Amino acid sequence: MKWFRDLSIKIKLSIVFAVTMLTLISICACFLVNFLTRALISEAKERYLQKTAALMTEVDIILAGFYNCIIDFSQSGALTNKENKAEDIKQYLARKKNEHNFDSLSYFNSDRIRIADTDNIGIGTQHPIEGFWLDVLNGKISAGNDIRFGSERKVPVIFFAAPVYGAKEEGLIGAVVGRVNIAQFDRILKNIKFGGLQAFIIDGKRRLIYSNREDFKKRILKELPESAAMKKALNGEEGTVFEHLPALKGEFLTAYVPEKGYGDFTGNNWFFLVSVAKERVLAPILKLRNLFLFLLGIIFAVIILTAWIFGTALSRPLLKLTGIVKRIANEDLDIEIKYDKTRKDEIGQLSGAFETMVQDLRKSTVSVVRLNQEVSERRQMEARQALLVRILDVLNQRAPKVNTIQKIITLIKEFIQFDAIGIRVKEGEDFPYYQTNGFPEEFVKAETYLCGRDQKGELIRDSQGNPYLKCMCGNIICGRTDPKKPFFTQRGSFWTNCTTELLATTPEARTRNRCNGEGYDSVALIPLRSDDNIIGLLQLNDKRKNMLTPGLIEFFEEVGNCIGIALLHQEAEERLRQAEEKYRVMVEYSNDLIWVLDRNGNFTYINKKAEESSGYKLADVLGKSFAPMIPPETLPRITDIFIETLNGKPQQYEVLVCGLNGSNFMLSVNTAPIYENGKSVGTVSFGRDITAHKKMEQELGTHRDHLENLVKQRTQDLEVFCCAVSHDLQAPLRAIEAFSREIAKSGKDKFFDQECQDLFFRITANAKNMKVVINKLISMVYYQQMEVSKTGINMQGLLEETYEYIQETLSGRKVNFQIKAMPDAYADPILLKEVFLNYLTNALKFTAKREITQIEAGGWAEEKENVYYVKDNGAGFDMKYIDKLFIIFQRVHSPDEFQGTGIGLSLVKRLVGMHGGRVWAEGKVGEGATFYLSLPKQED
């Protein structure tokens, strides 16, 4: 092939072009074969169509013959003369049957009763009105319309019938009926000279009349499934069609011709179908095609062999140069290009040029390597920048957090092509997986939660009370990292390219080992940060080793910061939106009237309550001034208040508002300025309808004046009563007491027994108790008439003075009285001393049965009041009687157990109430009691 080697590329390309032309010629030949195939198929279709039309015509000729015969019979004198006998008619019909090939002939009279029959079948029976009799009664010839299995003959027959009219215009006198066996069509179908044809005669109801297939003769007079050819024939068309016939089990060419009639016979809407197997039709074509394909195969073999020979010779040096190029692409420049320097063609020239190029490349290798590295780094940077931009775009979309995180995971997985990506987000005190992609379901279920739990199911916490988060994920989230370790970064991330080696060589790399157990070797855990807060974790897992680089980890740390900041911002926005919605609903459905004015005093908003109260809708007042709603005499004051509010001074005022249709109402209003960018842009006001309150105040004022007059009158009456009690009751009580005591003494051992003396002593004791009650009542009236004169009081001194006053009555008792630290009081010292006198007396009384009495007094200061107490170790009381303690004359102990009047604590409550304070108590039966009182602090 040296001669070919030295040829120029132009000559070689000419050879290739010649081969190409040969291929094109072959393609044209294929088109020619296709054309011939179409022509042969068209000829076959035409041939089968003509044959089918001829067969249909033969069928029509047969039917027309029987049609004309039955007409002739109906007009014969042998039948039209009513006088003819049945035997004569039978002889006539028998003769005609033999002449014209009828299967049988019958004659019926006008009552449809069979008079004569060539086979003597059914004589004297009446035929129902059906089939051919429907045509006969309408004066028509029935020629093939009625096809059925004869009742007497169990073979399918075609009925031909004609009405018979009398010779003297007597009308219908009967009918002649002929029966033709469908087997008559055998002689037609047997004339089909080329084999393989499937012939079918079908009526207008798609019933099979006849077929040359033995297996189809059982289906005569049964409806056939509709096919494409049958459908067209029923529409009166003729032609051919290739179709799949399930009944014949294959692809067939079907010719279809509808019935056209013959002579006077117009037909019965029958049609003829002839089907032939597709392979039989295409047999000549297939032979031609096979021959051509054989020849074409030989041609193609020659072409391929030629192309292979010339291609090999042409491509061998080019393949050598291709190998050299690949080595150059792999930066292998230590090669020697071997070629025949005597070659004169373009290959020789190209080889020489390659040798020169390799020498030049050796000189610039360092520059190319450096350039490739720069290009690679730039592409990586651009790809990472594009990913970051897409992630930021997703984060900036106001989509639900679950959708946002799912899109971010998808973007990262598409970029890094790792097996699995997951993001953990803080939920309560744990950091479960929020979304994952690629992790097995069982892995996610086992690894979702990080919080450790003890045997009781309680969270395990550290020394500071924080939940202990397990695994390496927990270390990253809690900041338990050491940047000195090679698997941690300065920013608190974890990464490794082989978890198996890491776990085997580094025990301090604490994990639950499930990532390694699942086969993940390359693992990275990146914290999602917002400033110094870690709100989640980005996890990258791949089963391949060495998939991570420091640069990639640094990039994803930047991504983690962006995600953390954005998620925290989304959460803040969501909380703000919920708060806005909450306060919008609160404002909209508040029981207060709320409205907003701009700087010009025009409405920008009113809530539903304002609409209901004023009768105005928001649309009615929007952008309009508030002035028309204020009475003219009040408007200047309200305008001044509005201006002061705009100047930054919140205001509180009452105003009468004019509602729609004259509905006026009084409002108590609090208003404040609205600021935007540090500038006052309007006011917001909250108004409460006090119309009913004002009306009530007026009514209460009237009642208060009336009550004050009544109190003055009652007080005067009470003073008079107290004087009368003091003067008129105490003298008799003293007499009763003295006389009872003397009688008891003088009658001792003389007139009275011991029981009578006890009665007189009890009278004396009750008289004394009555005097105490009267004095207490007088004291209560007296103190109630006093003006409360408040001043600062040293409470420790007041208690010491009060205790000294009652200490004289404690002869023989062991009392331990302690005064704890307490704040000074602001009260009336006389009234307050009376209060503590009652508290201490009460404590001494209920501790009388104790061997050692323990009494403690103290107090403390609260925000708006001072609280004081007196505590004892006496009898105590049941807390269910707490409501009775401070009510006059109500007692929780019987008089036999402890003496008392039931007035002291009631007096305390009134005196403390005069100071604006309150009283209460706590106790337990047998364990003592503590009595409290509170006094308001002195106002500044």
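Guide: With a definition: helices (H or I, at least four residues) and strands (E, at least two) are DSSP runs, numbered from the N terminus. The model discussed here is predicted.

Visitor: How far apart in space are E130 and D146, C-alpha to C-alpha?
Guide: In sequence, E130 and D146 are 16 residues apart. E130 is partly exposed, with a relative accessible area of 40%, whereas D146 counts as buried at 7%. The C-alpha to C-alpha separation of E130 and D146 in space is 9.2 Å.

Visitor: How many helices and strands does the secondary structure of the protein come to?
Guide: The protein has 940 residues, of which 40% count as buried. Its accessible surface comes to about 54,000 Å², with 53% belonging to carbon and sulfur atoms. Its secondary structure comes to 25 helices and 27 strands.

Visitor: What share of the contacts with a separation of 6 or more comes from residues 24 or more positions apart?
Guide: Contact here means heavy atoms within 4.5 Å. Among contacts in the protein with a separation of 6 or more, residues 24 or more positions apart account for 57%.

Visitor: Which element gives the most to the nonpolar patch on the surface?
Guide: The patch is formed by L32, F35, L36, L40 and L288, with about 440 Å² of accessible area together. L36 lies in helix α2 and counts as partly exposed because its relative accessibility is 37%. With 4 residues, the element that gives the most to the patch is α2.

Visitor: Why does helix α14 count as largely enclosed by the rest of the structure?
Guide: In α14 (residues 471–478), the buried residues are C471, M472, C473, G474, N475, I476 and I477. What covers them includes β11 (420–425), α13, β13 (494–496), β14 (522–530) and β15. Helix α14 is largely enclosed because its buried residues number 7 of the 8.

Visitor: Which residue with a positive phi follows α14?
Guide: The phi in question is near 75°. The residue that follows α14 is G479.

Visitor: Is N541 buried or exposed?
Guide: N541 has its place in strand β15 (residues 533–542). Leaving aside neighbours within four places in sequence, N541 is in contact with F418, D419, A420, F439, C515, Y520, S522 and V523. Because its relative accessibility is 0%, N541 counts as buried.

Visitor: How many salt bridges does the count come to?
Guide: Side chains of opposite charge can pair when their charged atoms come close. The cut-off is a side-chain nitrogen of Lys or Arg within 4 Å of a carboxyl oxygen of Asp or Glu. By this rule the count comes to 20.

Visitor: How far apart are the closest N and O atoms of E447 and R514?
Guide: E447 in helix α13 (residues 441–447) and R514 in helix α16 (residues 514–517) are 67 residues apart, so the pair links distant parts of the chain. E447 counts as buried at 2% relative accessibility, whereas R514 is partly exposed at 35%. In their salt bridge, the closest N and O atoms are apart by 2.7 Å.

Visitor: Which residue forms a salt bridge with R148?
Guide: R148 is partly exposed, with a relative accessible area of 22%. The closest N and O atoms of the pair are 3.0 Å apart, and the partner of R148 is D146.

Visitor: Which residues do salt bridges that share partners join into one network?
Guide: The joining is through shared partners, and the network consists of R114, D117 and R179.

Conventions: Residues numbered from 1 in each chain as written. Predicted model: local features only at pLDDT ≥ 70, side-chain atom pairs only at ≥ 80, totals over all residues. Heavy atoms only, no water. Patch = residues over 30% accessible without salt bridge, like charges linked within 9 Å, V, L, I, M, F, W, Y side chains within 5 Å. Areas by Shrake-Rupley, 256 points an atom, 1.4 Å probe, with all protein chains shown as cover. Buried < 20%, exposed > 50% of the residue type's maximum accessible area, 1.4 Å probe, protein only.
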